[in-house]
Amino acid sequence: MANYWVCKSEEKVYSISDLERDGTTFWEGVRNYQARNFIRDDMKIGDLVIFYHSNADPAGAAGVCEIVKEAYPDHFAFDPESKYFDAKAREGEPRWFMMDVKFVKKFKRVIPIKELKENPKLQDMQLVKRGNRLSVMPATKAEFDAILEME
């Protein structure tokens, strides 16, 4: 049985349109332990993800992707030239992980966070809670479906 997630990406860094063009990509650069744990321990092949544009105008749900490769070490943590370099990371004992996703669907419009917050079906969703800054977070099937209905 699939799980459901929300993954945030800055639209100017990597957008749903970029994923549509590329077909698949790796989701790198997660540097929060709770988000890392979701990737490493819980995200599985076949899980569905709301692709969320953060730091955008408007910020919001932009589409859907699917996990096609489970957690593996984020090699950018070992690259001193990468903005995701972590001097404490060791190749034999990785601290950071990434997963691969494939494009499923681009929404006809970005569903703004304001609309997501106003939807009573989403009132308990982690994404709409005040102060939530996680880039990877779980969602329920009901929350995932509610967002799809909003499109």
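**Close-up views of a predicted model**

**View 1. Asn32 caps the N-terminal end of helix H2.** A side-chain oxygen of Asn32 lies 2.9 Å from the backbone nitrogen of Gln34. This is a predicted model, in which local features need pLDDT of at least 70 and side-chain atom pairs count only at pLDDT 80 or more, while totals for chains, interfaces and linings use all residues. Residues are numbered from 1 along each chain as its sequence is written, and side-chain values use heavy atoms, with hydrogens and water left out. Helices (H or I, at least four residues) and strands (E, at least two) are DSSP runs, numbered from the N terminus.

**View 2. Helix H2, residues 33–42, has buried residues.** These are Ala35, Arg36, Phe38 and Ile39. They sit on the same side of H2, because they cover an arc of only 155° around the axis (the arc is that of the directions from the helix axis to the C-beta atoms). Here is a handy rule: an α-helix has 3.6 residues a turn, so residues three or four places apart point the same way. Among what covers the buried residues of H2 are S1, strand S4 (60–73), strand S5 (97–112) and strand S6 (136–139). Buried means under 20% relative accessible area, exposed over 50%, and partly exposed in between (1.4 Å probe, protein chains only).

**View 3. Ser15 is in the loop between S1 and helix H1 (16–22).** Is Ser15 buried or exposed? Ser15 is buried, with a relative accessible area of 7%. Not counting residues up to four places away in sequence, Ser15 touches Phe51 and His53 (contact means heavy atoms within 4.5 Å). The side chain of Ser15 also reaches the backbone nitrogen of Ser17 at 3.2 Å. From C-alpha to C-alpha, Ser15 and Asn32 are 21 Å apart in space, and they are 17 residues apart in sequence.

**View 4. Lys114 lies in helix H3.** Lys114 is exposed, with a relative accessible area of 56%. The side chains of Lys114 and Glu118 make a polar contact (2.7 Å). A polar contact is a pair of N or O atoms within 3.5 Å; within protein, one must be able to donate a hydrogen and the other to accept it, and residues adjacent in sequence count only if both atoms are side-chain atoms. Now look for Ala59: the C-alpha atoms of Lys114 and Ala59 are separated by 8.8 Å, although these residues are 55 residues apart along the chain.
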